[in-house]
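Here is a short briefing to read alongside the model. Take a look at the structure first, and then we can walk through it together.

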Amino acid sequence: MAVPKGKVSKARRDKRRSSTWKLATPGLVACAKCGAQHLPHRMCPECGYYNGRVVKTVKSVAAK
């Protein structure tokens with residue numbers, strides 16, 4: 001039967017686990033209208049467009 005030789009400290013245990021649980025960075029796509037980077041299947045925060053139509057009027061675009 002496998003028995004541990006000694007207590008593993010919390011710091012040692014957490015160091016071992018730290019690199020395994022990293023989250024992947026989200027994939028970004030370029031907006032077709034303005035070219036800004038945004039998350040896929042979401043409105044562009046720079047120009048307010050999604051799927052070729054205006055979803056939200058953004059103040060920075062309205063000022064131009």
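The notes below cover the fold, the surface, and the side-chain pairs. Please keep in mind that this is a predicted model.

**Fold and overall shape**
- The chain has two helices and four strands, and these follow one another along the sequence as α-β-β-β-β-α.
- With a radius of gyration of 23 Å, well over the 11 Å that the globule rule gives for 64 residues, the chain is more spread out than a compact globule.
- The C-alpha trace spans about 70 × 20 × 15 Å along its principal axes.
- Of the contacts between residues at least 6 apart in sequence, 0% join residues at least 24 apart.

**Surface and burial**

**The salt bridge**
- Searching the whole structure turns up one salt bridge.
- It joins the side chains of arginine 13 and aspartate 14, at 3.1 Å from N to O.
- Aspartate 14 is partly exposed, at 39% relative accessibility, and arginine 13 is also partly exposed, at 29%.

**The cysteine pair**
- How many disulfides are there? The count comes to zero.
- The sulfur of cysteine 31 has its closest cysteine sulfur in cysteine 47, but the 3.6 Å between them is too far for a bond, because a disulfide needs the two sulfur atoms within 2.5 Å.
- Cysteine 31 is buried, with a relative accessible area of 9%, and cysteine 47 is buried too, at 8% relative accessibility.

How values were computed: Residues are numbered from 1 along each chain as its sequence is written. This is a predicted model: local features need pLDDT of at least 70, side-chain atom pairs count only at pLDDT 80 or more; totals for chains, interfaces and linings use all residues. Side-chain values use heavy atoms; hydrogens and water are left out. A salt bridge is a side-chain nitrogen of Lys or Arg within 4 Å of a carboxyl oxygen of Asp or Glu. Buried means under 20% relative accessible area, exposed over 50%, partly exposed in between (1.4 Å probe, protein chains only). The radius of gyration is taken over C-alpha atoms; the globule rule is 2.2 Å times the number of residues to the power 0.38. Contact means heavy atoms within 4.5 Å.
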